Amino acid sequence: MPFLVQASTGLPIQSVSYWTTAERRAADIQANTIANELRSLVYLFLWADLRKVDIPDRLQRGEFLSLTEIVDLVNLCGRFIEDILSEFESLVPKVRPLRRAKRRAVKSGEKRNRLTAIYSYLQFTSAGFLSELQAWPARWDHYNAVRKECLGRLKGYRDAIVSARTSSMDGREGLVRTALIRMRDVIHPKHPDNPFRPSVRFRNYLLIRLLLELGIRRGELCGIKIHDCVFGSEVFIQIHRRPDDPDDDRKTKAATKTLARELAVGGGLASLLHEWAVQHRPKLPVAREHDFLIVRLPDGEKMTLDNVNKIFRRLRQCVSGLPSDLSPHVLRHTWNDLFSDTMDRNRVLPEEEEKLRMHNMGWSSAQSAKFYHKRTVKRRSNSALKDMQDRMEADTSASGVINGSDG
C-alpha cells in the first residue's frame, strides 16, 4: 500500500491517505497505479511548499486556488523534478545542492497525468468538506460555487493538453513487419545474433513470445502462476487479478490492470510453455518454493518487472533493425495490429471484432482500443482514402472531362 509521506515529519499526509484508501483503493485500483498517481500528486505539494500554500486548509475553508495559482501550478506540472527541487536551495540553504539542468519540459502525456491525479484528489477531498455543510444551505451554495469554478478551470487546462497518446500523428505504435520478423528470428535460441547468454535464451524466447502472441502486459506476465496454465487437448493461460497477493513479496508486485480472462495458447507456443513448465523450471532450486511461472536464472527467483525491462533493453542495444522504443508494451500494440489483420482476412464484422478484442485485452470498454492499433487505423484509413480518390478519378474520366488541363 503506497503512501505520500511528508519528508519533514516522516508521516503520511492525512488527506492524501484518505483519498488513496477511500477513493482509489476502494475502486480496486492496483497498488502500482496508485503509486504512480501519488508521484503525480507530489507536484501539487511541492508547488504548495514553494508558494507557502496549505492545501488541506484551503479546501476546508473553501478558498481553493485562484486563477493565477492554477496557471502557476499547471506550468510547474510541466517541469522536471530536478528543476523544481533546485528552487528549494535558495529557500533552505542546508538542502543538498542539486545538479542544475537546463530548463526542459516533460512530455505532454506526463503533464496531463499529473494534473489528472491532482484534479481527482482536489475533487474528492473538497467533496468531503462540502458534505459537512449540508446543514447550512447558504454556506453550501457558496462553497460549491467556488469549488466548481476552481475544478472547472483546472480541468479545462488539463483537457487542453493533447498528449502523444491521443494524437493521431504521434504516440506508440506496433512493430513494422520487417522489425517484427527480425525480432522473431533473433530471439530464437539457436539464432547467431541472439544477444543473450545460452543459459537464458529459452526462457527469454518463451517470455517474448508470450507477450507478443497473447498481447498481455508485463505485470500480467510476471503474475502468471503454474496452476494458471491449463494443459490438455487444448492449452489455456488464465490471467487473474490478485491484489495484495500474499505469495508475491517482490518490491513492485506483478499486477493485472485489466479484467481477468482465459487466453488460448496454440501450436508452437503451447509446446514451448509445456517444455518450460515440465523440463526447465523444476530444475531450479528456488523455483520449487513458489508458484510463479516466469523466473530469474540461474536461481529460480520470481521474475521482476525490471528484469523484463533489461531483456528488452539488451535487444534494443545489441540487435540491429529493431526500434529504439522496443518494449513489452510495444508488443501489446503489435498484437493489436496482428489481430486486426486476422479479423480482416476472416471478414469479421466490426462489432464482433470489437467484442473479441475487448475480451482478449481484458478491457471493459472499447475506448482503450483506439490507443493500441494506430498503425492499423492509419492503414485502413489510407486504403479507404485512396479507394475513394480512385473512384472519383474513374468517374471523372467516364464523364469525358480531360485531365491535366485547366481549360
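## Strand β5 and its two faces

In this predicted model, strand β5 covers residues 261-265, and its side chains alternate. R261, L263 and V265 point to one face and are buried.

β5 belongs to an open sheet of three strands, ordered β3-β4-β5, with antiparallel pairing. β3 (229-230) and β5 are the edge strands. Each has a single partner strand, so one side of each is left without a neighbour in the sheet.

Strand β4 spans residues 235-239 and pairs with β5 over five bridges, in the antiparallel sense. Two positions show how the strands line up. F236 stands opposite A264 of β5. Q238 has E262 in β5 as its bridge partner.

## The largest nonpolar core

The largest nonpolar core holds 50 residues. M183 and L207 have the most contacts inside this core. Both β4 and β5 supply at least two residues of the core, as do the helices α9 (177-186), α10 (198-214), α11 (218-223), α12 (267-280), α13 (305-318) and α14 (328-345). The largest share comes from α10, with 10 residues.

Which residues does L207 touch, not counting those up to four places away in sequence? They are L221, I294, M303, V308, I311 and F312.

## Another core

Apart from the core of 50 residues lies another, with 39 residues. L44, V53, L115 and C150 are among the residues of this other core.

Note on methods. Residues are numbered from 1 along each chain as its sequence is written. This is a predicted model: local features need pLDDT of at least 70, side-chain atom pairs count only at pLDDT 80 or more; totals for chains, interfaces and linings use all residues. Side-chain values use heavy atoms; hydrogens and water are left out. Buried means under 20% relative accessible area, exposed over 50%, partly exposed in between (1.4 Å probe, protein chains only). Helices (H or I, at least four residues) and strands (E, at least two) are DSSP runs, numbered from the N terminus. Two strands pair if DSSP finds at least two bridges between them. A nonpolar core is a set of buried Ala, Val, Leu, Ile, Met, Phe, Trp, Tyr and Cys residues joined through side-chain atoms within 4.5 Å. Contact means heavy atoms within 4.5 Å.
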